[in-house]
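The stops below are given in the order in which to select them.

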Amino acid sequence: MSIFEYNGSALVAMVGKNCFAIASDRRLGVQLQTIATDFQKIYRIHHKLFIGLAGLATDAQTLYQRLVFRHKLYHLREERDMKPETFASLVSAVLYEKRFGPYFCQPVIAGLGDDDKPFICTMDSIGAKELAKDFVVAGTASESLYGACESMFKPDMEAEELFETISQALISSVDRDCLSGWGGHVYLVTPTEVTERILKGRMD
């Protein structure tokens with residue numbers, strides 16, 4: 001079993017019309033044993049920027065703390081929040097810095113940039129960025145997430161339809177992966193508000 005699969009995870013971010021959604025499962029496991037069913041994998045950087053971290057849970061929490069520290073320094077110096085593109089470059093640089101002993105994490109970054117244009121991207125554990133205009137996935141359930149998102153995604157969805165689509169894609173995908181599950185955690189972000197919802201899975 002790969003170290004990336006040790007704790008199990010499912011992460012997906014999807015864009016809509018001037019909005020985006022980012023969702024994760026809630027399971028923390030040690031291989032096939034479930035330890036917790038309310039584990040946080042998505043973190044708020046500011047009200048229009050979120051990062052999800054799939055992979056080894058301890059590395060994810062360490063990486064998140066380093067990123068918050070770097071964002072606060074930026075905020076002090078620039079007196080403004082980071083744009084999603086800038087933050088993606090920061091994450092990439094932090095990961096590449098540790099390339100010889102990497103954080104075992106796959107980040108998924110989602111944010112609203114200038115003119116409330118949604119931005120999503122993912123990267124590997126050494127910071128190689130993969131940009132997308134529709135959806136990005138990460139974690140042990142990524143193969144089934146690709147399939148579900150491909151079949152359900154439509155361009156320019158309104159916020160509620162986007163929430164419904166990403167939720168259905170996540171729940172149906174984690175049912176096909178024994179290392180992730182126990183419901184879902186969804187953030188839906190529009191230019192005016194952030195909505196956080198918990199999804200109940202089949203086991204709850």
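Helices (H or I, at least four residues) and strands (E, at least two) are DSSP runs, numbered from the N terminus. The model is predicted: local features need pLDDT of at least 70, side-chain atom pairs count only at pLDDT 80 or more, and totals for chains, interfaces and linings use all residues. Residues are numbered from 1 along each chain as its sequence is written, and side-chain values use heavy atoms, with hydrogens and water left out.

**Stop 1: the cavity**

Select N7, G8, S9, L28, F39, K41, L53, G55, L56, A57 and A60, which line the largest cavity. On a 1 Å grid over the protein atoms alone, a cavity is a set of points where a 1.4 Å probe fits but cannot get out, and a pocket is an open set with protein on both sides within 12 Å along at least five of seven lines; lining residues have an atom within 4 Å of a point. Grid points are joined across faces, edges and corners, and a volume is the space filled by probe spheres set on the points. A search of the whole structure finds one cavity of 30 Å³ or more, and the largest cavity holds about 40 Å³. Colour β6 (49-55) and α1 (57-78): each supplies at least two residues of the lining. The lining has six nonpolar, four polar and one charged residues (Ala, Val, Leu, Ile, Met, Phe, Trp, Tyr, Cys and Pro count as nonpolar, Asp, Glu, Lys and Arg as charged, and the others, Gly among them, as polar).

**Stop 2**

L28, one of the cavity-lining residues, stands opposite A36 in β4. Select strands β3 (residues 28-30) and β4 (residues 33-36), which run antiparallel and are joined by three bridges; two strands pair if DSSP finds at least two bridges between them. Two residues separate the strands of this hairpin, and Q31 in the turn has a positive phi of about 55°.

**Stop 3: the β7-β8 loop**

Move to the loop between β7 (105-112) and β8 (118-123), where D115 is placed. D115 is not a glycine but has a positive phi of about 55°. D116 lies in the loop between β7 and β8 too, and its phi is near 55°. Most residues other than glycine have a negative phi. Is D115 buried or exposed? At 75% relative accessibility D115 is exposed, while D116, at 21%, is partly exposed (buried means under 20% relative accessible area, exposed over 50%, partly exposed in between, with a 1.4 Å probe and protein chains only).

**Stop 4: the largest pocket**

The largest pocket has about 340 Å³ of space. Of its 18 lining residues, select K117, P118, F119, A132 and K133, the closest to its centre. β8 and β9 (129-132) are the elements that give two or more residues to the lining. The lining has eight nonpolar, three polar and seven charged residues.

**Stop 5: F135**

Select F135 in strand β10 (residues 135-139). At 6% relative accessibility, F135 is buried. F135 touches A13, M14, I120, Y146, C149, E150 and F153, not counting residues up to four places away in sequence; contact means heavy atoms within 4.5 Å.

**Stop 6: helix α4**

End at helix α4 (residues 159-174), where the buried residues include F163, I166 and L170. Elements covering the buried residues include β1 (10-15), β2 (20-25) and α3 (142-152).
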